[in-house]
Amino acid sequence: MVEPSMLQEYLLRLGDNGLILAQRLAEWSGKAPALEEDMALANVALDLLGQARLWLAYAAEIEGPDASEDTLAYLRDAPAFRNLLLVEQANGNYAETMARQFYFDVWHKLLLSGLARSHDERIAGIAAKAVKEVAYHGERSAGWVIRLGAGTALSHQRMQAAIDDLWPYTGEMFTADALDQALIAAGIACDPAALHAPWLEKVGATLDAAGLTLPAAKWMQSGGKQGRHSERLGYILAEMQFLPRAYPGAAW
Amino acid sequence: MYAQLVDTGETRVRGAEEMSAEEQAFQSRLDAGVKIEPRDWMPDPYRRTLVRQISQHAHSEVVGMLPEGNWITRAPSLKRKAILLAKVQDEGGHGMYLYSAAETLGASRDQMLDDLVAGRAKYSSIFNYPTLTWADIGAIGWLVDGAAIINQIPLCRCSYGPYARAMVRICKEESFHQRQGYDIMLALARGTAAQKAMAQDALNRWWWPAVMMHGPSDEASVHSAQSMQWKIKIHSNDELRQKFIDQTVPQADFLGLTVPDPALKWNEARGHYDIGPIDWDEFYAVIKGNGPCNRDRLKTRAQAWADGAWVREAAAAHAARTAQAAQPDLPQPSATQEP
């Protein structure tokens, strides 16, 4: 039996990923390596933010009439956020931003393709729309992994370092906890474990094409989906939530 | 105006008798309303002035991303965040159209960007003011984009084809920008007392800088006459400024906010608003680099450009190697390094 609170929790996992990654990408505004990249990063951020709003609006409806996409985005503290650790990692240099994006995009596309077949029609509808946007994100980030991996000696070294440093944050994308299991059994969620093989195949092929080495490290960090985050999330929220917190009850 | 004090190299307009036959023919085409296209003959000063004007305009769009970008991560609702993100993205797009228009005149985008970060190129004085509160995002859309539209709509009819066509696209987006700014102001003006005070404070700080955006008054504007003869400037600075003021004061009234000019008064006889004296010392100080944010803005742009150099080099190296693989006859590019 799937309780509404379980469905809501699952929707927060979906929505918070897009929200936090969009927030990170927006930090690049006006500072990207080229004007074309500024435009493209904003496009990806806008897509992810748009998707996050759809997931959070659905989650808010389950919570009740006083909740909205904004109360969920602006009035929860870090332990109530359900995003993956990967998306809250710092932008770093452009290789780090693109490696983070690449790992996420490949997984995100697989996830949404699965969710497009969800028995929950609303989830299926949002996923079917989002997957088209995300397919483009993945092509773009894979393109940068290859371009930087096979660019100059310096860019190769930076992209390899980024691929290695972010690797430990990829594990939790594929582990199903009790909540996932219950929703998978109900035909609502997509089994994350089933995404691992195709993800690894695509990541491996791209790294090969880029002349990069697939990391061998086995240890994986986890906790984001359960609300145990890195130190970074608190700062993201402090910045993002400042106005509604400073002016409680104001409409903007 | 996004291009202020554009140096034409000419402080007076030359009569037909001082022009070569080519220049006379060029001027007659302008007078007949013919658009000049990149392959057409044009006098060097016309070309140089346009490069200066269009690149200043492009730089203003790109530097203008910074004060508003400053609030994307802090926008107070997800809807406002999405709108602001899209707006700042549009400004980057405007920069791209304009750099492309300048490139049709033989300028290179990399050179123009180098000039910007080295402090050799100008951009609009308005972007050297800080965005201190969320209401500043509303004020920029309402006042700054409002002033820019008034300048830019006539430029859709300017004599240089690629510039005129870029302006048509830009103006469509700018009017959306202005509406979103006014919508932010409206929400604040109808909000709590603190929000209304925030809106009034933003108007107090942005009003005069916006009024100055149209550039020096006509009598102090030594290059205007030549630019007008070339039809790359259609109306005088003071005409544009008056239009902005006449349009904006009733909008401030509707918001219930007070324009910070005690001398502001409707002049029935003229059919326009009269305003108090403009502090041109402040304008020239900002133009000369002494605005509150000149150093920060340039430093940020220069830092972003320098930080991105290795990325651009890698992309170029990869593109060269891909082209080489597709066409083995091409000479091996020397800049590429094997990883």
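What follows is a short chat about helix packing, the chain contact and salt bridges.

Q: Experimental or predicted?
A: This is a predicted model.

Q: OK. How many residues of chain B are in contact with chain A?
A: 50 residues of chain B touch 49 residues of chain A.

Q: And what area is buried between chain B and chain A?
A: About 4100 Å². Carbon and sulfur atoms give 70% of that area.

Q: What's the salt bridge count between chain B and chain A?
A: One salt bridge. The side chains involved are those of A:Glu36 and B:Arg109, at 2.5 Å, N to O.

Q: Why would such side chains pair?
A: Side chains of opposite charge can pair when their charged atoms come close.

Q: How many salt bridges over all chains?
A: The count comes to 22.

Q: Give me one within chain B. What does B:Asp40 meet in a salt bridge?
A: B:Arg29, at 3.6 Å, N to O. B:Asp40 sits in the loop between helix H1 (21–31) and helix H2 (44–69) of chain B, while B:Arg29 is in helix H1 of chain B, so the pair ties together parts 11 residues apart in sequence.

Q: Switching to helices. At what angle do H2(B) and H3(B) pack?
A: About 165°, with the axes 8 Å apart. That angle makes H2(B) roughly antiparallel to H3(B).

Q: Left-handed or right-handed crossing for H2(B) and H3(B)?
A: The crossing is left-handed.

Q: Which residues meet there?
A: From H2(B), they include B:Ile54, B:His57, B:Val62 and B:Met65. From H3(B), they include B:Leu84, B:Val88, B:Leu98 and B:Tyr99. By class, the contact of H2(B) with H3(B) has 10 nonpolar, seven polar and four charged residues.

Q: What about H3(B) and H5(B), how do they pack?
A: H3 (residues 78–103) and H5 (residues 134–155), both of chain B, pack at about 45°. Their axes are 13 Å apart. That makes H3(B) oblique to H5(B). The crossing of H3(B) and H5(B) is left-handed.

Q: Which residues make that contact?
A: H3(B) brings B:Arg80, B:Leu84 and B:Lys87. H5(B) brings B:Trp134, B:Ile137, B:Ile140 and B:Asp145. The contact of H3(B) with H5(B) has four nonpolar, no polar and three charged residues.

Q: Last pair. How far apart are the axes of H11 and H12 of chain B?
A: 4 Å, at an angle of about 35°. H11 covers residues 294–307 and H12 covers residues 309–326.

Q: And which residues are in contact?
A: B:Trp305, B:Ala306 and B:Asp307 of H11(B), with B:Ala309, B:Trp310 and B:Arg312 of H12(B). Here the classes are four nonpolar, no polar and two charged.

Notes: Residues numbered from 1 in each chain as written. Chains lettered and ligands numbered in written order. Predicted model: local features only at pLDDT ≥ 70, side-chain atom pairs only at ≥ 80, totals over all residues. Heavy atoms only, no water. Axes fitted to C-alpha atoms, helices over the stretch in contact; angles between N-to-C directions. Helix = DSSP H or I, 4+ residues; strand = E, 2+ residues; numbered from the N terminus. Parallel < 35°, antiparallel > 145°, perpendicular 65-115°, else oblique. Left-handed = near helix turned anticlockwise from the far one by under 90°. Contact = heavy atoms within 4.5 Å. Nonpolar A, V, L, I, M, F, W, Y, C, P; charged D, E, K, R; others polar. Buried area = accessible area lost by both parts, 1.4 Å probe. Salt bridge = Lys/Arg side-chain N within 4 Å of Asp/Glu carboxyl O.
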